[in-house]
Amino acid sequence: MTTIVNAKILTLDDSNPYIDNGYIIIDNGVIVDIGSGSPSKMEGEIIDAKNKYVMPGLINGHHHAYSSFARGSMFVADKYSNNFVEVLENVWWRLDKALTLESVKYSAYVMFIESIRNGVTTVLDHHASPYAAAGSLFAMREAADDVGIRSCLCYEVSDRDGDAILKEGIKENVDYINHCKKNNPEYGSGMFGMHASFTLSQKAMEECVSANSSTGAGYHVHVAEDIRDQYDCMKKYGKRLGQRLFDLGILKPNTVIGHGTYSSDHELEMYKEADITMLHNPESNMGNAVGVVNVNYLAKKGIRVGIGTDGYTSDILESIKVANVLLKHTAVDVNVGWPEIPDMLYKNNREVVNRTMGIKAGILEKGAMGDIIFMNYTPFTPLHADNYMAHILFGMTGRAVSTVIIGGKVIMKDFEIVAFDDKEIAAKSREVAQKIWDKIK
Ligand SMILES: [Zn+2]
């Protein structure tokens, strides 16, 4: 049992949004009591929040852990890329082909640690390591369990590297999904990952759907990140991406699609009808110069839009700030984005985790996971129930997260990781990353 006292609680629960001085009790990983004042009994580990602002742990809807190993590397900029497909060929597919199971695990460690430091307690990751596909999701899960973070993992299947690797990726997804069902599913679950339409032949897609038919898991796939994906689909199959996915039965309520930037109104209707979630990745989209999805338009259409960082950063609070200014900038309208922008992180990512992992997270109320972050934030303007979202959006940053608790367990306390030796992992990670860089020609 863990009892948090003296907390200014931003619950993100609309029915009880702010408790100025309150407590939270977590038992067996779940919030069993939350209220104002002091609890009637002080039980278990007592954590004094010392009047800090306390919020639910954040959720990252779309990430790529292996991208951690691109940081500072020379191969990221040693070739000229004319377009997004060439970015994949010149950067990401060179890196993912060099990965071994050891580097998959260490890149996952560092991404999960970076996530913790930025207050992220649940991550949906989309993984590729074509020459180390078998066992890759299991290796990442070991890292997640060591860190104590929640994860929803998938292997991004494609047939860009031939049939044997395609089949290995399909098997990895199915094996991992089934493994998670029996092994602490509230901490780790699996989805069926697919890279993107333009790297998946019809035969490959059909093999994926057939293999996933018995798991019940949703799909996690990149869609129309770049307009070439849409062109490729129309040229090869005579239909748009949304129609291709619909015809294969991939659009389900627990399916998530990354980006969806170039979607027609008809496709958006299909996504709404199928009740899928679209995941916006603003910094990645800007960095890859692939264009911008109009979040406001999608939300007005009634589509659930969540947010991810897509390997660009693990700081989701930074991404939500960028999403806000990017939307206003592209719309040339200062009035757009409220509440659509905060809803992506605080409502829709919560719904994604509920649908893909079967847990209630991203909210502080009875029955929700005991995932809590403390913010080192002293406002110099009034903060109350009606305006705290503006303080989160404009004032709080990932680096202000001082303490992270997941399932009642303290992972980081006063900016220090206390649950494991993060410095030893960082040192080993530098060795492993160097070995991978040396392989990339
Ligand atoms: Zn992605």
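Reply: The following account treats the domain boundary, and then some features beyond it.

The model is predicted, so that local features need pLDDT of at least 70 and side-chain atom pairs count only at pLDDT 80 or more, whereas totals for chains, interfaces and linings use all residues. Residues are numbered from 1 along each chain as its sequence is written, and side-chain values use heavy atoms, with hydrogens and water left out.

The protein is divided into domain 1 (2-57 + 362-417) and domain 2 (58-357); these bounds come from an automatic or database domain assignment. Their C-alpha centres lie 29 Å apart. Across the boundary, 30 residues of domain 1 are in contact with 27 residues of domain 2, where contact means heavy atoms within 4.5 Å.

The nonpolar interior is part of this boundary. A nonpolar core is a set of buried Ala, Val, Leu, Ile, Met, Phe, Trp, Tyr and Cys residues joined through side-chain atoms within 4.5 Å. Buried means under 20% relative accessible area, exposed means over 50%, and partly exposed lies in between, computed with a 1.4 Å probe on protein chains only. The largest core holds 104 residues, and Phe 112 and Met 375 touch the most other members. With nine residues, helix H2 (residues 101-117) gives the most to this core; helices (H or I, at least four residues) and strands (E, at least two) are DSSP runs, numbered from the N terminus.

Phe 112 shows the packing in detail. Beyond its neighbours within four places in sequence, Phe 112 is in contact with Val 123, Met 140, Ala 143, Ala 144, Val 147, Ile 149, Ser 151 and Leu 153.

On a 1 Å grid over the protein atoms alone, a cavity is a set of points where a 1.4 Å probe fits but cannot get out; a pocket is an open set with protein on both sides within 12 Å along at least five of seven lines; and lining residues have an atom within 4 Å of a point. Grid points are joined across faces, edges and corners, and a volume is the space filled by probe spheres set on the points.

The second largest pocket holds about 300 Å³ of space. Both domains give residues to its lining, so this pocket lies between them. Of its 16 lining residues, Asp 14, Lys 347, Ala 385, Tyr 388 and Met 389 lie nearest its centre. Two or more of the lining residues come from each of H12 and helix H13 (388-394), and H12 supplies the largest share, five residues. The lining comprises 10 nonpolar, one polar and five charged residues. Here Ala, Val, Leu, Ile, Met, Phe, Trp, Tyr, Cys and Pro count as nonpolar, Asp, Glu, Lys and Arg as charged, and the others, Gly among them, as polar.

The structure also holds two cavities of 30 Å³ or more. The second largest cavity contains about 40 Å³ of space, and its lining draws at least three residues from each domain. Leu 12, Pro 56, Gly 57, Leu 58, Ile 59, Leu 345, Tyr 346 and Gly 362 form that lining, with strand S6 (58-63) and helix H12 (340-357) each supplying at least two residues. Six of these lining residues are nonpolar, two are polar and none is charged.

The loop between helix H11 (316-331) and H12 contains Pro 339. The peptide bond from Trp 338 to Pro 339 is cis, with omega near 15°.

The largest cavity has a volume of about 50 Å³. Its lining consists of Pro 130, Tyr 155, Glu 156, Val 157, Ser 158, Arg 160, Asp 161, Ile 165 and Leu 166. This lining divides into five nonpolar, one polar and three charged residues.

Lastly, two backbone details deserve mention. Asn 6, in strand S1 (residues 2-10), has a positive phi near 55° without being a glycine. Asn 51, in the loop between strand S4 (45-48) and strand S5 (53-56), likewise has a positive phi, of about 65°.
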